[in-house]
Structures are given as C-alpha cells and as structure tokens.
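Here is a walk through the packing of one protein chain. The sequence and coordinates come first, and the explanation follows.

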Amino acid sequence: MSPALNKILIKCPKCAMPGNISPMGLTLAHQPFNDKKWIYEVKWDGFRMLAYCSGDEVHLSSRRNNSLNKRFSSIRSELVRLKLNAVLDGEVVMLNEEGLPNFNNIIGTNQRGLAVFYVFDILWFNGRNVLDVPLFQRRKILKLALGKSDIVRFSDHVDEKGIELFELVEKHEVEGIVAKHKESIYSPGYRTNQWLKIKTGKQVEAFVAGYLMDNDKGFLSSLIIGRKIDNRYKYIGLVEAGVGLQTLKKVFEATTTNRCVFSPVPNVNARTPFRTPLKNARIVWLKPGLKCEVKYSELDRFGVMRHASFKGLL
C-alpha cells in the first residue's frame, strides 16, 4: 500500500472487526445534477450486502443482519480466496447475458445469471476503523484492497458528471444512479443528504381499483392499482408514495363495490421481499372510475410494478 494511504490509516483508531452494522441509507432526490464535489455511481438493482472478511473466515450479511452465506455461496468462496481483512459494503446483482442487472433473476430459488458483488465502500480495514475517513479516501483504500476478480468487483464512479451518467443508465433501463459527496463519512443506519439516490422510471396510465386499510393504525396503507388491457382488468400493484390529501379525498368519495374487478382476485396483502403484510388489513374495492398516472422502475415477472410512486389523478 502506498505511503499516502498508510498515512491515512495510521490516523484511524485501532479496533476489532465490528459486527451487525446497519448499512448507511440513501435519501431520494428527483433530479440528476452535476457538481465537482460529488461522485456518481450506478445504482445496482439487487441485494444490499455487507461482507465481514478475516482471511479464510467470511460472513455475508443482509441489511437486517440476516446471514446470506448459503444464498450467495459463490461470492463467499471468492472472498475467501481473496483473503481480505476488511468489512465491505456493496450490492449483489445478477447479470444477464448482456451484462446488465436483472432483479427478477435474483429473487426466489431459481436464480439465473452471474451473481456479482459490486463493492462501493469499506468500513474497516486491517484492524482500523475507517468510518470517519472521507469517502474519496475510503474508496482509494477499497480499490487497493480488492484483488482482481470477476465476481467481487470495485463499483466504479464518475466525477462531477451526474446528468450524463443518469442519461446513460436511463438509456440502458438501469434502476438509477447514486450521488455521494466526496467528503462524506459513513454513518451506519442513517440516511443523510450526503448520499442520494436518483431513479429512472416508467410511467403508466391506470386506475384506482381500491385501497388497503391498516385497521390497527386507522389509516389508508396503499392504493390498489390496475390497468384495462384488451377489455380485461389486470392488477399491477400497490402504491403508497406520492398519494396526497386531495387524492385521498377523491378516493374516499369514490363508489365502492363488493366485487373485485380482477380475476383471479390478487392477494394484495401478500408478503414480498420489500413489504411486510398488515396484521389487521381491510380491503375496499372501488368501481374503476378514478384514472391516475403512476411511475415505477420496472415490472416483475408477474407484471407487478416495483418502486411505484403516485403521480396524480387524471
């Protein structure tokens, strides 16, 4: 390692390898921007993962500190081969034949494609806590720490040109970009305005088919969204983000019905990788009269929206 990086590390406090770290979160921003004080990375569409590496001992952990050792055993084996002494933060993605991430290929038991661990940060290295080291210096340490591997890869970035990177990932239908201030420290478990996520997405004209009430809390949880395709009604998902008071007023004034327009009736309160079902849910179906516009990142293999947000009634 270079003398300059050794100079950085020697100022970092010595400590044993930490455990059960909650990864730093991202704050949603709505527009890409250019700024020489920021770096920009691809927002990989996969599973956030921390890797605790001590030579032959490697433990993979989800953002909720569940073990991922068996699920991503090929990545664990590769980290064992690299014999690192570090805590890494990154995203596991499943690359398709074109080398692009496909989230539908990583969920469930029938994973398809090449599982790759894109590492974008380092939290502890060779007995030193580097959380308070500025990001641009942490990434220098990270790049030198990682060996050459097709499975464990350094997640590269561009300086200053966030708009250009956003346009590129949008063209390739990738989920979005991440903007990070070069001087940002790593704050476990927190979302700050130093790390931003900016998503690409698609928009669709649809209708409000009903809503899901949380009876325990006494308020509306999500709108139930559908589309009419070839004279048939198709369920396309739930949406909560972006639903304002004026929309709620019109939804509650809409005509209710005892009959769901979808066939078969979807399980709108199902558990998913991104949603915990309500313990005491009430479903209210509406006649399909309220037209709306919804933005989403992609459709899953069942045709249901991911990362949906409500844009407004039409």
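In this predicted model, the cover over the buried residues of α4 includes the strands β2 (35–43), β9 (157–160), β10 (176–181) and β11 (191–199). The helix itself spans residues 162–171, and its buried residues are Gly-162, Leu-165, Phe-166 and Val-169. Viewed down the axis of α4, these buried residues fall within an arc of 100 degrees, so they line one face of the helix. After α4 comes Glu-173, which has a positive phi, near 60 degrees.

The largest nonpolar core has 33 residues, of which Ile-75, Leu-79, Leu-88, Phe-117 and Ile-122 touch the most other members. At least two residues of this core come from each of α1 (3–9), β3 (47–54), β4 (57–61), α2 (73–82), β5 (85–95), β6 (114–125), α3 (135–145) and β8 (152–154). The greatest contribution is that of β6, with five residues.

Leu-88 can be followed in detail. With neighbours within four places in sequence set aside, Leu-88 is in contact with Met-49, Leu-50, Ala-51, Cys-53, Leu-79, Phe-117, Val-119, Asp-121, Ile-122, Leu-142 and Leu-146. There is also a second, separate core of 21 residues, with Ile-236, Ala-254, Leu-286 and Met-305 among them.

The last stop is a loop residue. Ser-297 sits between β17 (291–296) and β18 (298–299). Is Ser-297 buried or exposed? Its relative accessibility is 12%, and buried means under 20%, so Ser-297 counts as buried. Apart from neighbours within four places in sequence, the contacts of Ser-297 are Thr-200, Gly-201, Lys-202, Arg-306 and His-307.

Note on methods. Residues are numbered from 1 along each chain as its sequence is written. This is a predicted model: local features need pLDDT of at least 70, side-chain atom pairs count only at pLDDT 80 or more; totals for chains, interfaces and linings use all residues. Side-chain values use heavy atoms; hydrogens and water are left out. Buried means under 20% relative accessible area, exposed over 50%, partly exposed in between (1.4 Å probe, protein chains only). Helices (H or I, at least four residues) and strands (E, at least two) are DSSP runs, numbered from the N terminus. The arc is that of the directions from the helix axis to the C-beta atoms. Contact means heavy atoms within 4.5 Å. A nonpolar core is a set of buried Ala, Val, Leu, Ile, Met, Phe, Trp, Tyr and Cys residues joined through side-chain atoms within 4.5 Å.
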